[in-house]
Each structure stands twice: as C-alpha cells, then as structure tokens.
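Let's look at a protein chain together and ask where each label comes from. Have the picture open while you read.

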Amino acid sequence: LKTYDPHVWLGIPQAIHMVERIRDSLKEIDPSHAAGYDERAKNYVAKLEKLRADGKELLAGKKERKLLAFHDSLYYFTKSFDLVLADAIESAPGAEPDPQSIINLIKKCREQGVRHIAIEPQYDANTSAKTILKALKEINGEYVTVDTLETAKSSDMDAGWYERKMRENLKNLAEKLQ
C-alpha cells in the first residue's frame with residue numbers, strides 16, 4: 001500500500017479536522033459571525049462523531065474486518081471504523097496490476113482470510129478484480145460496494161450528502177461482513 005492516501009475525507013477524524021479548519025478560516029475572515037460558525041461547526045462535528053459511533057456499533061459484531069480495496073483509497077475509512085485494509089488491487093485508478101502482483105494478492109487474501117473486495121460504484125470490476133474474486137471462490141469471496149465519494153454529480157449533493165453516503169457504505173459492509 002502507498003504511504004500516502006489522498007482520500008482524507010473518508011476518515012471521520014480527518015473530516016472533523018477539516019470542519020474545524022474551515023470554521024477557523026471563516027472566523028478569521030468574518031469575525032463578526034464567529035459565534036455562528038462555532039455553533040454550526042460544533043453541530044456538524046457532533047453529527048460526524050455520531051456517524052463514527054453508529055458505524056462502529058453497526059460493525060461491532062463482525063469477525064471479518066479485512067478488505068481488499070479496488071484502488072488504494074480506503075486507508076482513512078478503514079481506520080475510522082476499526083477495519084483492516086489488507087491491500088489494493090490497483091496502485092492508482094486504472095493501473096491494472098501485472099500477473100505476478102495478482103498472484104501475490106490472491107495468496108495474501110487466502111493467507112489472511114480476506115474474502116471481500118471493496119469496489120467503487122463508478123467503476124466496473126476490472127479484469128484483475130474478477131480474477132481475484134474467482135480465485136477466492138473456495139472462501140466465498142465477494143464484492144462489497146464502498147463509495148469513495150469522488151464522482152458525485154453536483155445535483156446529488158446537499159447538506160446531508162456526505163453523511164448519507166458514508167452511512168450507505170457502512171450499511172453495505174454490515175450486510176456483507178460476517
């Protein structure tokens with residue numbers, strides 16, 4: 001896995017930090033409305049903390065906690081919800097692994113009991129993902145959809161979009177993980 005994952009918005013502690021930085025910047029440029037920025041940030045941080053607590057509760061009884069990601073994008077998400085990111089199929093979106101890398105991923109999944117491949121709704125499962133899933137048939141390998149929130153249409157976005165999409169991700173995982 002990469003040492004740097006730019007998908008920081010998928011981590012709840014990181015999202016909280018972003019809200020606080022935005023609040024601080026707004027207060028700096030518009031100090032006359034500082035109390036309002038403080039209040040709205042406090043309310044949103046509480047929603048994010050509840051989202052994290054709800055997600056952990058939803059996944060609490062799951063013994064399966066390991067995922068193979070489609071591409072290297074779920075580090076912060078898995079950390080937020082006490083899951084394990086075993087590896088990623090693609091080092092970057094669209095970068096198909098070579099045959100030896102696929103063999104190594106299959107071996108790693110078998111050795112670590114990883115049977116869930118997190119795929120993103122905006123991508124079809126690529127040839128490598130299909131090959132790995134087929135190889136994991138003996139341990140009932142399966143896909144689970146986890147949206148990395150990268151390709152939303154502006155018409156879909158509103159004040160509750162982030163929370164809805166994150167809860168949808170958690171629901172998808174809770175339905176698949178045992």
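Here are some questions and answers about the labels.

This is a predicted model, where local features need pLDDT of at least 70, side-chain atom pairs count only at pLDDT 80 or more, and totals for chains, interfaces and linings use all residues. Residues are numbered from 1 along each chain as its sequence is written, and side-chain values use heavy atoms, with hydrogens and water left out.

Q: What makes up the secondary structure of the protein chain?
A: There are 6 helices and 4 strands. Helices here are DSSP runs of H or I with at least four residues, strands are runs of E with at least two, and both are numbered from the N terminus. Along the sequence, the pattern reads α-α-β-α-β-α-β-α-β-α.

Q: Why is P99 called exposed?
A: The relative accessibility of P99 is 62%. Exposed means over 50% relative accessible area, buried means under 20%, and partly exposed is in between (1.4 Å probe, protein chains only). So P99 counts as exposed. You'll find P99 in helix 4 (residues 99-112).

Q: Why is D82 called partly exposed?
A: D82 has a relative accessible area of 42%, so it gets the label partly exposed. Look for D82 in the loop between helix 3 and strand 2. D82 also has a positive phi of about 55°, although it is not a glycine.

Q: Why does L149 count as buried?
A: Its relative accessibility is 11%, so L149 counts as buried. L149 sits in the loop between strand 4 and helix 6. Phi of L149 is near 60°, a positive value in a residue other than glycine.

Q: How do you know that the span of helix 2 is close to the expected one?
A: Helix 2 (residues 34-59) has 26 residues and reaches 37 Å from its first C-alpha to its last, while 38 Å is expected. That expected span is 1.5 Å times one less than the number of residues. Helix 6, with 16 residues, reaches 23 Å, close to its expected 22 Å.

Q: Which elements do the buried residues of helix 2 pack against?
A: They pack against helix 1 (12-29) and helix 6 (161-176). Among the buried residues of helix 2 are Y37, L48 and L51. The buried residues of helix 6 include W161, Y162 and M166, and the buried residues of helix 6 pack against helix 1, helix 2, strand 1 (66-71), helix 3 (75-80) and strand 4 (142-145).

Q: What makes a nonpolar core, and which residues have the most contacts inside the largest one?
A: A nonpolar core is a set of buried Ala, Val, Leu, Ile, Met, Phe, Trp, Tyr and Cys residues joined through side-chain atoms within 4.5 Å. The largest has 29 residues, and F77, Y162, M166 and L173 have the most contacts inside it. Helix 6 gives the most to this core, with 6 residues. A second, separate core of 16 residues includes V114, I117, I132 and L133. In soluble globular proteins, nonpolar side chains tend to be buried together.

Q: What is Y162 in contact with, leaving aside its neighbours within four places in sequence?
A: The list includes W9, Y44, L48 and L149. Contact means heavy atoms within 4.5 Å.
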